[in-house]
Amino acid sequence: MNATLLAVAHGTRDPEGIRTVLALLDEVRRLRPGLRVEPAWLGLVEPSVPEALSTLPGPVIAVPLLLASGYHVRADIPALLADADPGKVRVTPALGPSPLLAHALASRLTEAGRPPDASPVVLAATGSSDPRARADTTESARLLSRHLNAPVSVAYASGEGPTPAEAISAWHTSGHPGVALATHLLAPGHFAHTLTQTDARWTSAPLGTHPSVAELVLRRYDEAHRPADQWPAPGAHRGRSRTEAGAAGHTSAT
């Protein structure tokens with residue numbers, strides 16, 4: 001019996017954000033017919049992770065729908081699974097960083113009107129005080145820069161800066177009037193809304209249901225079937241699979 005894919009999302013008060021996550025899971029089901037895919041939420045939305053697990057037979061592979069390996073991945077999710085049978089549930093690393101996310105971000109920027117040139121980009125993430133999450137965001141910016149063959153700087157919508165406005169202003173000051181803002185968020189919500197209010201010439205939509213994101217969810221799920229000694233540590237982008245690297249590498253700059 002295939003393990004159930006339990007997609008663990010952050011949670012939001014924004015109805016459109018909830019609909020986007022559920023639509024992403026529909027895309028995952030479309031890519032893998034017959035696989036049971038169920039949602040769970042870290043807060044604000046039901047079912048919670050323990051509630052979802054209580055309704056599922058084993059085995060279960062929990063895939064965090066998070067773009068970096070911050071506190072939620074390292075502490076919150078393990079705490080929520082503390083009472084679960086360890087033989088029933090495995091937790092994968094976060095989705096990012098990954099060349100597949102870089103591909104999705106580049107696609108969203110194109111949809112927003114950014115031309116295929118070397119104009120600078122600000123990659124805007126939610127923000128975290130966790131140094132591992134910040135390192136993951138920096139790596140995501142590097143992967144996007146390589147994919148676009150353009151400079152990419154990092155900004156944070158909350159917490160310690162630079163803020164998106166500051167990062168965009170820095171590019172303007174250095175002589176770049178056309179700056180794009182890459183929304184490094186999965187779904188609409190408060191932070192995504194604030195990113196639409198900057199002076200960026202082009203602002204991408206959240207990653208949402210982009211096929212590369214759905215493919216990445218399945219890649220993380222499939223990685224969990226490796227022997228334990230081959231399984232990547234949570235948040236370790238260095239452990240991404242060769243097939244994942246190749247999926248986006250053909251469009252990356254060298």
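Here is a tour of a sheet, some salt bridges and one threonine.

Before you click: this is a predicted model, where local features need pLDDT of at least 70, side-chain atom pairs count only at pLDDT 80 or more, and totals for chains, interfaces and linings use all residues. Residues are numbered from 1 along each chain as its sequence is written, and side-chain values use heavy atoms, with hydrogens and water left out.

**Stop 1: the sheet.** Show the strands as cartoon (strands are DSSP E runs of at least two residues, helices H or I runs of at least four, both numbered from the N terminus). You'll find an open sheet of 4 strands, ordered S2-S1-S3-S4 with parallel pairing; strands pair if DSSP finds at least two bridges between them. Strands S2 (37-41) and S4 (89-91) sit at the edges, each pairing on one side only.

Now select S1 (residues 4-9). S1 pairs with S3 (residues 60-64) over 5 bridges, and Val8 has Pro64 as its bridge partner there. S1 also pairs with S2 in the parallel sense over 5 bridges, with Ala7 partnered by Pro39. To get from S1 to S2, follow the chain through helix H1 (residues 15-31): this β-α-β crossover is right-handed (with the strands pointing away from the viewer, the path from the first strand over the helix to the second runs clockwise).

Which residues of S2 are buried, and how many? 4 of the 5, so S2 is largely enclosed by the rest of the structure. Buried means under 20% relative accessible area, exposed over 50%, and partly exposed in between, using a 1.4 Å probe and protein chains only.

**Stop 2: salt bridges.** The structure holds 10 of them, each a side-chain nitrogen of Lys or Arg within 4 Å of a carboxyl oxygen of Asp or Glu. Pick Glu27 and Arg30, which meet at 2.6 Å, N to O. Both lie in H1, 3 residues apart, yet Glu27 is buried at 14% while Arg30 is exposed at 52%.

Next, select Arg32 and Asp222, a salt bridge at 3.0 Å. Arg32 is in the loop between H1 and S2 and Asp222 in helix H8 (residues 211-223), so the pair ties together parts that are 190 residues apart in sequence.

**Stop 3: Thr183.** Zoom to strand S7 (residues 180-183), where Thr183 sits. Thr183 is buried, at 1% relative accessible area. Its contacts (heavy atoms within 4.5 Å) beyond four places in sequence include Leu105, Ala124 and Leu195. To finish, draw a distance from the Thr183 side chain to the backbone oxygen of Ser204: 2.7 Å.

Technical notes
A polar contact is a pair of N or O atoms within 3.5 Å; within protein, one must be able to donate a hydrogen and the other to accept it, and residues adjacent in sequence count only if both atoms are side-chain atoms.
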